[in-house]
Amino acid sequence: MRTALLIIMVIFFAGLALDKATLAAVLTAFVVFDRAIGPRVRGQQAEGSAS
């Protein structure tokens, strides 16, 4: 009984950590994409609205 409870707890916490890691990876990718591509897109929009 104790071993089964331990296995269930390990699976639960591993899944929780995986969810957090996935969320962190998605947010990091979004920030990197925004920093890399954002100024170019905003620059084009500014040039388009100025002319």
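1. Buried here means under 20% relative accessible area, exposed means over 50%, and partly exposed lies in between (1.4 Å probe, protein chains only). The model is predicted, so local features need pLDDT of at least 70 and side-chain atom pairs count only at pLDDT 80 or more, while totals for chains, interfaces and linings use all residues. Residues are numbered from 1 along each chain as its sequence is written, and side-chain values use heavy atoms, with hydrogens and water left out.

2. The accessible surface of the chain is about 4800 Å². Carbon and sulfur atoms hold 73% of that surface. Areas come from the Shrake-Rupley method with a 1.4 Å probe; for residues, only the protein chains shown count as cover.

3. The chain has 1 helix and 0 strands. Both are DSSP runs, numbered from the N terminus (helices: H or I, at least four residues; strands: E, at least two). Helix H1 covers residues 2-50 and includes Phe12. Asp34 also lies in H1.

4. Leu5, Met9, Phe12, Phe13 and Leu16 make a nonpolar surface patch of about 500 Å². Patch residues have over 30% relative accessible area and no salt bridge; nonpolar side chains (Val, Leu, Ile, Met, Phe, Trp, Tyr) are joined within 5 Å, like charges within 9 Å. A salt bridge puts a side-chain nitrogen of Lys or Arg within 4 Å of a carboxyl oxygen of Asp or Glu.

5. The whole structure holds 1 aromatic pair. Phe12 and Phe13 form that pair, edge-to-face, at 5.1 Å centre to centre with 70 degrees between the planes. Rings of Phe, Tyr and Trp (its six-membered ring) pair if their centres lie within 6.5 Å; planes under 30 degrees apart are stacked, over 60 edge-to-face, and the rest tilted. Phe12 counts as exposed because its relative accessibility is 52%. Phe13 is at 47%, so Phe13 counts as partly exposed.

6. Asp34 is partly exposed, with a relative accessible area of 31%. Leaving out residues up to four places away in sequence, Asp34 touches Pro39 and Arg42. Contact means heavy atoms within 4.5 Å.
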